[in-house]
Amino acid sequence: MAEMIINDIPIYPGDEKLVRLNISRLPSGTAIDIPIHVFRAQEPGPVLLLMAGMHGDEVNGIELIRRMIRRNMLTPLRGTVLAIPILNIYGFLNFSREVPDGKDVNRSFPGNDKGSLASRVAARFTKEILPLVDYGIDFHTGGRSKSNYPQIRCRFGDGQADALAQAFGAPFILNSNYRPGSLRKQAAGMGKTIIVYETGESLRFDEPGINLAMEGTIRIMQYLQMVEQAVPVSHPPVICQNTTWIRARRAGMFRSFVKNGQAVSRGQQVGAVSDPFGYATHPITSHVSGYVVGVNNMPVVNQGDAILHIGY
């Protein structure tokens with residue numbers, strides 16, 4: 001592709017540009033733009049999308065892309081890197097997962113340029129960015145109080161997803177089907193392969209997960225022949241075909257007896273829920289053998305709350 005156009009701005013081989021994709025305005029009149037860093041090599045090659053901040057309170061992906069930009073880690077030998085630190089500017093400003101209309105951008109694709117605010121963000125992205133992309137990494141974080149162990153999520157057998165996931169080298173690779181309205185589903189329908197990286201919890205930095213993601217991103221760039229060298233994977237990823245949640249059968253004070261990333265056995269006691277007045281304590285056991293890939297750090301739980309995410 002000799003010329004790449006984003007927001008009516010041409011980007012040529014060898015260019016490094018910051019393009020601002022206008023979305024809307026705040027009630028105050030302040031423009032809301034999505035900054036897109038474009039790094040194009042002289043030599044043609046694949047277009048790799050690195051995106052974070054789909055949910056504005058998920059800061060780990062935002063920080064890792066910021067660091068890679070500042071450390072000049074994203075200039076490719078061939079092809080193009082599109083780096084978007086924050087897609088949901090609204091959520092970022094308000095420490096929120098959603099946009100002001102309460103909708104989730106990642107359930108709004110392909111969007112509608114005359115629809116809700118979330119739908120308009122998705123529509124602009126679908127029109128301007130996705131047609132340019134060959135592969136992508138969408139960086140996410142666990143929800144509030146829920147911490148995810150570093151993991152790649154993709155649908156096994158989906159294009160290049162398996163190969164990209166193995167190249168990234170996260171501790172776990174989870175088989176994850178498409179969700180309606182998600183970026184991954186929209187991208188797959190357009191012949192693009194996007195994988196999701198999850199680490200930590202919202203509004204908290206997870207330094208090990210951030211560092212691992214920077215190394216994994218460079219490994220994918222090496223796999224795509226966009227860079228020459230990368231840190232090799234230290235341990236082969238654990239493949240999880242399925243995941244399940246262990247839920248609280250009673251309300252009370254939750255204590256976990258296992259750590260994120262730990263192996264567990266079926267029937268093993270993994271925690272306990274106690275009433276806050278000292279009357280009784282109820283054990284929590286795992287109904288499957290597998291690995292803890294997510295932990296609810298909230299000490300007070302209601303009946304039915306998801307408390308441990310198990311991959312198996």
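About 30 Å³ of space lies in the largest cavity of this predicted model. A cavity is a set of points, on a 1 Å grid over the protein atoms alone, where a 1.4 Å probe fits but cannot get out. A volume is the space filled by probe spheres set on the points, which are joined across faces, edges and corners.

**Before you click**

Residues are numbered from 1 along each chain as its sequence is written. In this predicted model, local features need pLDDT of at least 70, side-chain atom pairs count only at pLDDT 80 or more, and totals for chains, interfaces and linings use all residues.

**Stop 1: the cavity**

Select Ile 23, Ile 32, Ile 34, Leu 87, Asn 88, Ile 89, Tyr 90, Val 99 and Val 121. They line the largest cavity, each having an atom within 4 Å of a point. Colour them by class: eight are nonpolar, one is polar and none is charged. Here Ala, Val, Leu, Ile, Met, Phe, Trp, Tyr, Cys and Pro count as nonpolar, Asp, Glu, Lys and Arg as charged, and the others, Gly among them, as polar. Strand β4 (31-40) and helix α2 (89-93) each supply at least two residues of this lining. Helices (H or I, at least four residues) and strands (E, at least two) are DSSP runs, numbered from the N terminus.

**Stop 2: the largest pocket**

A pocket is an open set of points with protein on both sides within 12 Å along at least five of seven lines. The largest has a volume of about 710 Å³. Select Arg 97, Arg 107, Arg 153, Arg 179 and Glu 198; of the 29 lining residues, these lie nearest the pocket's centre. The lining has five nonpolar, 15 polar and nine charged residues.

**Stop 3: the second largest pocket**

This one holds about 230 Å³ of space. Its lining includes Trp 245, Arg 249, His 282 and His 287. Which strand gives the most to this lining? Show β16 (281-285); β16 gives the most, with four residues.

**Stop 4: two helices**

Show α1 (residues 59-70) and α6 (residues 207-223). They pack at an angle of about 55°, with their axes 10 Å apart. That makes α1 oblique to α6. Axes are lines fitted to C-alpha atoms, for helices over the stretch in contact, and angles run from 0 to 180 degrees between N-to-C directions. Under 35 degrees counts as roughly parallel, over 145 as roughly antiparallel, 65 to 115 as roughly perpendicular and the rest as oblique. For the contact (heavy atoms within 4.5 Å), select residues including Leu 64 and Met 68 of α1 and Ile 210 and Met 214 of α6.

Conventions. Heavy atoms only, no water.
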